[in-house]
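Biologist: Can you walk me through this one? I'd like to go residue by residue, then zoom out.
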Amino acid sequence: MSKTLYLVATNKCQMNCPFCYTKFVSQFDINSKDLNPDTVVKYLKSHNEYNLVVFHGGEPLLVADNILKILDAMKDEKIEFTIQTNLAFRELSKSQIEVLCRMSHGYGTSYSFDRFDGNEDQEKYWMDNIGFLNSMGIHHSILITVTESQIYNQSPKSLKNYMDEIGYDTIILERPIFKLSDIRADREKYALLYEKIDNYMKECFDIFPKDRTNLLRAVKDSIMYKKPLYPIRCSSWTDTLYRGKLKHGCPSLEKINVQDNKRNAECLQCPYFKYCMGDCECMNIVCAFPKNTFRAVSDYLKEEQSRKEMNDLGL
């Protein structure tokens, strides 16, 4: 089975985003050293099950030279590479630009209102760097974390105008991940917040180009292939390599107790459970499934199918 490997190239970062997973995932050691390129190459060449490697962090472009050493050593191997970067650099260095140019799957960057709130300089760097990379034809996706601050400070319409100004290939809307102990302590609070996030995502689906976000394809695949909207067992095909240790799952996965995996009667009776199946491994303490968004996308797909059938009939 093909697998994905996240490489936490460094734990250092020039930003301090309030919603970052590094603040609560116990496996993340903020004081650990950067990944050794030789160690990474040795690991990859002895584990040929990975078809995609994601450079992650921290901020991986802080160790661009290390990444280039890995890319050089693996250039003859059948592995695709991508990188997740905040791009908040005053000026990209030659090695940083080379890393971004050599990503076979392009690059991903992130945005949320609170990421740059009070950091106008870093926001300008981010926007300028995206513009520069756009001019070079380097493809990218922008991952938008729908935080509480995002909901209250930037409407979906304002967000679209902002993203149109910047330019993008794909928008990926994601829900924030919270510390499990916090959710257990106040499930009602987080259930309500996830409902607000759901409504925000639905509005985004309504106004963004349908083929430019992750929502249409994700829901369509979920319905057509009868699979969960979000991967519920990603730790079976995703690994994360830190310096000196490997863990199953993505970097943001916080380990959960077996009892948290049990579905209650309400879940089993929910009409969306067949598309949820417990949701992703990061979120199964409280319902975070975007029901309204899923319903809106599903209705759109039905309307599209109806229009297609009418056209086929010449009506």
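Biologist: What does the side chain of Thr 109 reach at 2.7 Å?
Modeller: The backbone oxygen of Thr 85. Keep in mind that this is a predicted model.

Biologist: Which side chain does Thr 109 join in a polar contact of 3.0 Å?
Modeller: That of Trp 126.

Biologist: Where is Thr 109, and is Thr 109 buried or exposed?
Modeller: Thr 109 sits in strand β4. Thr 109 is buried, because its relative accessible area is 0% and buried means under 20%.

Biologist: What else does Thr 109 touch, not counting residues up to four places away in sequence?
Modeller: Quite a list. Gln 84, Thr 85, Asn 86 and Leu 87 are on it.

Biologist: What about Ser 110, buried or exposed?
Modeller: Ser 110 is also found in β4, which covers residues 107-111. Ser 110 counts as buried, at 9% relative accessibility.

Biologist: Which side chain does the side chain of Ser 110 make a polar contact with?
Modeller: The side chain of Gln 84, at 2.9 Å. Leaving aside neighbours within four places in sequence, the contacts of Ser 110 are Gln 84, Thr 85, Arg 115, Trp 126 and Leu 143.

Biologist: And Tyr 111? What is Tyr 111 in contact with?
Modeller: Again leaving aside neighbours within four places, its contacts include Phe 116, Trp 126, Ile 142, Leu 143 and Ile 144. Gln 150, Leu 159, Tyr 162 and Met 163 are among them too.

Biologist: Let's zoom out. How many residues has the largest nonpolar core?
Modeller: It has 87 residues. Phe 55, Ile 83, Leu 87, Tyr 111, Trp 126, Ile 142 and Met 163 have the most contacts inside it. Helix α9, residues 187-207, gives the largest share, eight residues.

Biologist: Tell me about α9. How many residues, and what reach?
Modeller: α9 has 21 residues. From first C-alpha to last, α9 reaches 31 Å, close to the expected 30 Å. Its buried residues include Tyr 190, Leu 193, Tyr 194, Ile 197 and Asp 198.

Biologist: Trp 126 keeps coming up. Which residues of α5 are buried?
Modeller: Gln 122, Glu 123, Tyr 125, Trp 126, Asn 129, Ile 130 and Leu 133. They cover an arc of only 160° around the axis, which puts them on the same side of α5.

Biologist: What covers the buried residues of α5?
Modeller: The cover includes α3, β4, α4, β5 and α7. Helix α5 itself spans residues 120-135 and reaches 23 Å, close to the 22 Å expected. Just after α5, Gly 137 takes a positive phi of about 75°.

Biologist: New topic: charges. How many salt bridges does the count come to?
Modeller: Nine. One of them joins Lys 12 and Asp 34, with the closest N and O atoms 2.9 Å apart. Both lie in the loop between β1 and α1, so the pair ties together parts 22 residues apart in sequence.

Biologist: What does Arg 102 form a salt bridge with?
Modeller: Asp 72, also with closest N and O atoms 2.9 Å apart. Arg 102 is in the loop between α3 and β4, and Asp 72 is in helix α2, so the pair ties together parts 30 residues apart in sequence. Arg 102 is partly exposed at 29%, and Asp 72 is partly exposed at 42%. Together with Glu 98, they are linked in a network of salt bridges.

Biologist: And Arg 175 and Asp 279, are both buried or exposed?
Modeller: Both are buried. Their side chains meet in a salt bridge of 2.8 Å, N to O. The pair links distant parts of the chain, 104 residues apart.

Conventions
Residues numbered from 1 in each chain as written. Predicted model: local features only at pLDDT ≥ 70, side-chain atom pairs only at ≥ 80, totals over all residues. Heavy atoms only, no water. Helix = DSSP H or I, 4+ residues; strand = E, 2+ residues; numbered from the N terminus. Buried < 20%, exposed > 50% of the residue type's maximum accessible area, 1.4 Å probe, protein only. Polar contact = N/O pair within 3.5 Å; in protein donor to acceptor, adjacent residues only side chain to side chain. Contact = heavy atoms within 4.5 Å. Core = buried A, V, L, I, M, F, W, Y, C linked by side-chain atoms within 4.5 Å. Expected span 1.5 Å × (residues − 1). Arc of directions from axis to C-beta. Salt bridge = Lys/Arg side-chain N within 4 Å of Asp/Glu carboxyl O.
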